[in-house]
Amino acid sequence: MHDDEEEDKPSHRRMQNVGEQGHMALLGHSLAAYISVLDRERLRKLITRIASDTTLWLCRLFRYESGSAYYHEDDREGLLKVCRLVLNTRYEDYSTEGYTVLNSRQPVIYQSATCRPGLGQHLCSQLGLPLSSLCTVPCNTMFGSQHQMDIALLDKLIREDVETGKLPLLLIANAGTPGAGHTDKLGRLKELCEQYGMWLHIEGVNLATLALWEVSSPVTAATRSDSMTLTLGPWLGLPAVPAVTLYRHEDPALSLAAGLTSSQPVEKLRALPLWLSLQYLGHDGIVEKIRHAVELSQQLLEKLKTLASIKTSDELDSEISFVDALTMVEDELNSPVVVFRFSQETSAESSGGSVEGYFAGEREVLDSLNRWLCERLAQLVPSSGVDIVELEDEGTCVRFTPLMTAAALGTQRCDVDLLVERLIELIPVLNCTLRLRLDFREEVYRHSALSYIEDLNWPGLGAVRYEPRIEELNDSKRKLEVEKINSELLVKLQELDADLIFSTGLEFGPEKDCIFIGMATEDLDVAELVDTIAALGRDIEENGRLLENMTEVVRKGIQEAELQLQKDNQDKLMEEGVLRQIPLVGSVLNWFSPFQSTVKGRTFNLAAGSLDSTEPTYSMKAQTGGLASPETPTSSAKRLPGQRLFRRDGAGGSDSHSETSSVGQAEDLSRERFPQPTTPTPPSPVPDEAVSVVPESPETPQRPPTQENGEVGTQEGEEEEREPVGQEAPVEETGR
């Protein structure tokens, strides 16, 4: 079904690579179903052994001593059960009185501003707590990392809640934020929780590094927490394995009341797929997968630092100006998450463009370009697993998280090298597009028939709309006319031999009936591009008006033709006589005495709207007069062989064509589209019924048509005055 729906659409979706360890995990689900049919006693012994072994391995692997484990499908469910456990612990009558015991002292759950969106609201909804029980702690603003929880402010908030009679219940900290992978100061947070008797729960991707021999000190403090959630499926590339919440608590009854343990044997079978996978991988295999993911992130980090346009987050904190070309956000040296973004190039000089004037909407423009950058990198290197992340301070960034994607996609070191190569290739395109956006806007303003559309979310040169010069139409008809002309204009632009991409913009964008131009390169001639759009739109508008007037022209021509035919029939009757009109007598009379009628046929010229005689057509065997139809104004005469449209001769320099003004280019285009003929000479005498004749030079006499080919003969001296090949005047269709 997937292939049938998407066979005509290019796709770069990342499919998970299910290896042997993945098959072991999937096999565990089948075995769990078979084991569930065993007799109760054997089932109890088996699942107890499986659950205890898995819990022991995980606690030793992630350095969490004397811990218990809860296996769950939803990664938020473990934290929810922990909250119930803390409620039962801090409120002794909670199991019997329920929510009424909370009225005495309202519980408060604290979370960082960088936590997963909707996590706190989900907890309050499932626990039946009001949203006032949720307190979001901002990150640092003055000192320290701007992505870590502000501990001083947290201390102040807790003291204020205690003074108002509230009960600080639980704190949710991050060992790797969902956005950029930053780790809070877990050691200081643990001390604060012990001071106020709070429960500390930690989650995040950096917890995977606890399995390594060398662990950074901020992450090591997570082993002192009261509980933490591990998502082993993405880390190890295991499909359909449950998440695990490790916790420490001494009262089994309260754990049972909170749902962390179950008396149902089938519930404990959730650990079987994970048990099989851990058995298959072994300790060395698990550590190697995590180490490989961390090394990939370090490899990318080092390669980005070698680029001249890269600055680290430490340098960002000490500078206000924008980063040249790319900005990199990092937490510490051993962070397995690398986040970077493209920014404007302030030091490089523009080759005709400028970024001045974009400060008002600069954030939106850069965000759109970073979205395009991430999409292109994901298409070019799908095994890299890069994705888009929205950060509050930095904006839209590109994120590389091998711990969450490398095991499933099979990312290798060569993929990181290829990712950097593609990144280096795309940076000049982003720089050129950002510089030429202002030039494109100014060129559009010079054309009265074009309107510049300001869409800061479009990753490209910009958007333009052709406005027809129709004032007598009302708003609805004018809107339909604008839509029709711009649709035809988009089709013609897409048919041109150019490297640019023309489209209708974003699918759910606010602007409609526009033409959006994609990313640009250094050798783009913006003036020629805008002139071509204006000229094509003008041709479509003129052709549309011609078609609108064609009905009236044809109607009048038909009426005139009917009158001429009636007159010709009367003249024929007067010339031939009545006897020749009788069928049998007329045939015999015409055989004995042929009669040559002087009545000629008529031809209807749609372009001129006139009814003319066909005598010149039959006398000269060709009907002349009228220029060739104008071609698309693409300045093909000025282009070199093999050079595509809208491209200058040199990418780095400016030639004479690119230095000309838009007015001069418009005049050149007009001369190319409508070539000026030579000074005409008086034509040779022809009968009054003739429409036009071939203009001849006075020095060259006209030779009558030959009998062999029926074409007009020419002197030998006329060879120099013949039109070039491919520019003969078209022959109009005629009728009698």
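This is a predicted model: local features need pLDDT of at least 70, side-chain atom pairs count only at pLDDT 80 or more; totals for chains, interfaces and linings use all residues.

Biologist: Okay. How many salt bridges does a search of the whole structure find?
Modeller: The search finds 19. A salt bridge here is a side-chain nitrogen of Lys or Arg within 4 Å of a carboxyl oxygen of Asp or Glu.

Biologist: And why would side chains pair like that?
Modeller: Side chains of opposite charge can pair when their charged atoms come close.

Biologist: Which residue does Glu522 form a salt bridge with?
Modeller: Arg435, with the closest N and O atoms 2.8 Å apart. The pair links distant parts of the chain, 87 residues apart: Glu522 is in the loop between strand 16 (515-517) and helix 18 (526-576), while Arg435 is in helix 16 (residues 413-445). Helices (H or I, at least four residues) and strands (E, at least two) are DSSP runs, numbered from the N terminus.

Biologist: Is Glu522 buried, exposed or partly exposed, and what about Arg435?
Modeller: Glu522 counts as partly exposed because its relative accessibility is 23%. Arg435 is at 12%, so it counts as buried.

Biologist: What about Arg363 and Asp367?
Modeller: They form a salt bridge too, with the closest N and O atoms 3.4 Å apart. They sit four residues apart in helix 14 (residues 362-380), so about one helical turn separates them. Arg363 is partly exposed at 37% relative accessibility, but Asp367 is buried at 9%.

Biologist: New topic. Where does Ser297 lie?
Modeller: In helix 12. Ser297 is buried, with a relative accessible area of 0%. Its side chain reaches the backbone oxygen of Val294 at 2.6 Å. Leaving out residues up to four places away in sequence, Ser297 touches Ser335, Pro336, Val338, Phe400 and Pro402, where contact means heavy atoms within 4.5 Å.

Biologist: How do helix 2 and helix 12 cross?
Modeller: The axes of helix 2 (residues 20-35) and helix 12 (residues 272-306) come within 6 Å and cross at roughly 155°. That makes helix 2 roughly antiparallel to helix 12. Angles under 35 degrees count as roughly parallel, over 145 as roughly antiparallel, 65 to 115 as roughly perpendicular and the rest as oblique. The axes are lines fitted to C-alpha atoms, for helices over the stretch in contact, with angles from 0 to 180 degrees between N-to-C directions.

Technical notes: Residues are numbered from 1 along each chain as its sequence is written. Side-chain values use heavy atoms; hydrogens and water are left out. Buried means under 20% relative accessible area, exposed over 50%, partly exposed in between (1.4 Å probe, protein chains only). A polar contact is a pair of N or O atoms within 3.5 Å; within protein, one must be able to donate a hydrogen and the other to accept it, and residues adjacent in sequence count only if both atoms are side-chain atoms.
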